[in-house]
Amino acid sequence: MAEHLLPTPSHTVGPFYGHALPFPDGDRVAPPGHPDAISLHGYVYDGAGAPVPDALLDFWQAAPDGSLTGAPGSMRRDPSTGGFLGRDGVGFTGYGRVPTDADGHYALHTLPPGNPGLPYISVCVFARGLTHHLFTRAYLADGPDPLLDSLPAERRATLIAAGPAAQDASRAYRFDIRLQGEGETVFLEFR
């Protein structure tokens with residue numbers, strides 16, 4: 001007699017992301033040594049304010065010229081296994097995948113996005129305790145924007161990365177993600 005299995009709903013996932021999904025240089029969207037490179041870094045926090053050490057973040061963005069296609073062939077594959085070997089170190093893909101470390105910290109090295117309007121980087125969060133991934137944006141500047149303008153000031157602030165100080169040569173932006181609770185990051189729904 002054949003056993004009949006019922007379909008299962010989405011389940012809590014992880015901490016399995018670190019095993020197969022990250023790929024070499026997933027945090028290096030900008031070619032090494034590029035003079036316009038910036039960093040986006042921060043922490044992922046759970047509802048109790050504790051860091052999440054096993055989250056995985058996907059990033060997408062427009063190239064500095066505003067294009068969305070990325071460089072063809074910028075990802076190298078292992079010819080024997082088909083797996084990712086990493087980036088070619090030259091082309092800009094507009095895509096990155098970064099796990100958080102044991103302290104819940106992540107860092108992405110990229111180029112400034114050239115999308116129309118305010119510059120932003122799209123973020124997708126996968127973490128334990130989530131049955132579905134979450135989408136948000138990290139804006140690198142504040143100003144007029146249809147999405148930001150639709151939010152109360154305190155909620156708007158959760159989408160804006162803290163920019164580098166004028167004397168900061170690292171060009172680093174800080175963007176923390178709070179999954180729930182006080183200061184919860186605004187998450188987006190796509191239909």
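Leu40 and Phe59 touch the most other members of the largest nonpolar core, which has 28 residues. A nonpolar core here is a set of buried Ala, Val, Leu, Ile, Met, Phe, Trp, Tyr and Cys residues joined through side-chain atoms within 4.5 Å. Buried means under 20% relative accessible area, exposed over 50%, and partly exposed in between (1.4 Å probe, protein chains only). Two or more residues of this core come from each of β1, β2 (56-60), β6 (105-110), β7 (120-126) and β8 (134-139). Another core lies apart from it, with six residues, including Leu118 and Val186.

This is a predicted model, where local features need pLDDT of at least 70, side-chain atom pairs count only at pLDDT 80 or more, and totals for chains, interfaces and linings use all residues. Residues are numbered from 1 along each chain as its sequence is written, and side-chain values use heavy atoms, without hydrogens and water.

The protein chain has three helices and 10 strands. These are DSSP runs numbered from the N terminus: helices are H or I with at least four residues, strands E with at least two. Of its 191 residues, 37% are buried.

| Residue | Contacts (within 4.5 Å) |
|---|---|
| Phe59 | Leu40, Gly94, Tyr95, Gly96, Val98, Tyr106, Leu108, Ile121, Ser122, Val123 |
| Asp36 | Thr110, Leu111, Pro112, Arg171 |

Asp36 sits in the loop between α1 (17-20) and β1 (38-45). Asp36 counts as partly exposed because its relative accessibility is 40%. Arg171 is 135 residues from Asp36 along the chain, yet their C-alpha atoms are 8.8 Å apart.

Note on methods
Contact = heavy atoms within 4.5 Å. Lists of a residue's contacts leave out its neighbours within four places in sequence.
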